[in-house]
Amino acid sequence: MALGQDIYDGAGRLLLGRHILLTEEQISNLEFLGFPGVYVDDEFSRGIEIQQIVSPEVRRQALKIVYDLFHTDMRKQEPSEAEFKLRKTVESVVDDVICNGDIMCNIMDIKSYDDYIYYHSIHVGILSVVVGARLGLPHDELCQLAAAALLHDIGKRFIDHDIVRGGKAHRSEEEQEVYRSHPKIGAEYLRETCRFSADVYEGIMEHHECYNGEGYPLGKKGAEIHLFARIIRIADCYDAKVSAFPAQKSLSPSEALEYVMALGDRWFDPDCGCVRKESGGVSDRLRSRTVQRAACGGGTEF
Ligand SMILES: [Fe+2]
């Protein structure tokens, strides 16, 4: 049985290359690492090329930079290099999504449980840009949105691994409080170390706010919540449902979509969820909480 796709670890390193013939030992190792399945080349898939909205190379680059940012304390080093790489990566993601806008968004990845957070960050980044582009956001705002979405969970790197990994059902009240601090910790960490615009920080800070005000950490509701955060909220929830996360059973894409639609305007901005093409740019109503252009700390493009 030949492998149908390259397999990378969470740091963007190649584990197994496409077309190699899988041995029983390699299959056991993949199972041991928690990979729920792999694409294979067989008589049914021969000649079928899976079109992807973001090229494998851009996705690998994004995976690497997100992994590096989760493992580097930017307060202890010159932030410029990591920030520069991130800016280049988000531009590549946005350009690919704009270029391949008509391709159905296929971002099912094969990943191990331990790498979940890095893949999840990439998926949320890509899905958020797809939604933002469909809503008519201009290029520079899509880049800001991509940066916020790729790093939406960066605050989790400062929280005990067991609390993050355990899932809500296994956390004590105290642990749940700690877990719920990750949007604020992440936004403050990036504000301290990077020169993004205020929109990026707000997108991260508010990505667990609910449209009906039941979210955290600020309890904002409706259009008080930053547009980036409203978009990331939907992408985050959808990807968490389709991904095989250790603490929960994954749903099929159609079941996840039903789940998102069922929660409709309770958790999500219905205008972001419908994802209809806005012909004349983002409507005033949708943008009622405007995307601010003011930069923080002498910031630059996004
Ligand atoms: Fe989060």
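Me: At what angle do α5 and α9 pack, and how far apart are their axes?

Reply: Keep in mind that this is a predicted model. Now the general idea. Two packed helices are described by the angle between their axes and the distance between the axes. Here α5 and α9 pack at about 40°, and their axes are 8 Å apart.

Me: Are α5 and α9 oblique or roughly parallel to each other?

Reply: Angles under 35 degrees count as roughly parallel. The α5/α9 angle is about 40°, so the two helices are oblique to each other. Their crossing is right-handed.

Me: Which residues of α5 and α9 meet?

Reply: On the α5 side they are Gln144, Leu145, Ala147 and Ala148. On the α9 side they are Asp199, Val200, Gly203 and Ile204. Sorted by class, this contact has 5 nonpolar, 2 polar and 1 charged residues.

Me: Next pair. How do the axes of α8 and α9 cross?

Reply: They cross at roughly 160° and come within 8 Å. Angles over 145 degrees count as roughly antiparallel. Therefore α8 and α9 are roughly antiparallel to each other. This crossing is right-handed.

Me: Which residues make the contact of α8 with α9?

Reply: α8 brings Pro183, Lys184, Gly186, Ala187, Leu190 and Arg191. α9 brings Tyr201, Ile204 and Met205. The classes come to 6 nonpolar, 1 polar and 2 charged. Note Ile204: it belongs to this contact, and Ile204 also meets α5.

Me: What is the geometry of α9 against α10?

Reply: Helix α9 covers residues 198–205, and helix α10 covers residues 227–242. Their axes come within 7 Å and cross at roughly 40°. The pair is therefore oblique. The crossing of α9 and α10 is right-handed. Asp199, Glu202 and Gly203 of α9 make the contact with Phe228, Ala229 and Ile232 of α10. By class that is 3 nonpolar, 1 polar and 2 charged.

Me: What lies in the loop between α9 and α10?

Reply: Pro217 lies there. Check omega when you reach a proline. The peptide bond from Tyr216 to Pro217 is cis, with omega near 5°.

Me: How do I judge burial for a single residue? Is Met261 buried or exposed?

Reply: Count the other C-beta atoms within 10 Å; 12 or fewer means exposed. Met261 has 12, so it is exposed. Met261 lies in helix α11 (residues 253–267).

Me: Where does Met74 lie?

Reply: Met74 lies in the loop between α2 and α3. Because 18 other C-beta atoms are within 10 Å, Met74 is partly exposed. Now compare sequence with space. Met74 and Thr193 are 119 residues apart along the chain, yet their C-alpha atoms are separated by 6.1 Å.

Me: Let me try a strand. With which residues is Leu15 in contact, leaving aside its neighbours within four places in sequence?

Reply: They are Ile7, Tyr8 and Asp9. Leu15 lies in strand β3 (residues 14–16). With 15 other C-beta atoms within 10 Å, Leu15 is partly exposed. The C-alpha atoms of Leu15 and Leu30 are separated by 9.9 Å.

Me: Step back. How many helices and strands does the protein chain have?

Reply: The chain has 12 helices and 4 strands. Of its 302 residues, 36% count as buried. Then look at contact range. Among contacts between residues at least 6 apart in sequence, 70% join residues at least 24 apart.

Conventions: Residues numbered from 1 in each chain as written. Predicted model: local features only at pLDDT ≥ 70, side-chain atom pairs only at ≥ 80, totals over all residues. Axes fitted to C-alpha atoms, helices over the stretch in contact; angles between N-to-C directions. Parallel < 35°, antiparallel > 145°, perpendicular 65-115°, else oblique. Left-handed = near helix turned anticlockwise from the far one by under 90°. Contact = placed C-beta atoms within 7 Å. Nonpolar A, V, L, I, M, F, W, Y, C, P; charged D, E, K, R; others polar. Buried ≥ 20, exposed ≤ 12 C-beta atoms within 10 Å, placed from the backbone.
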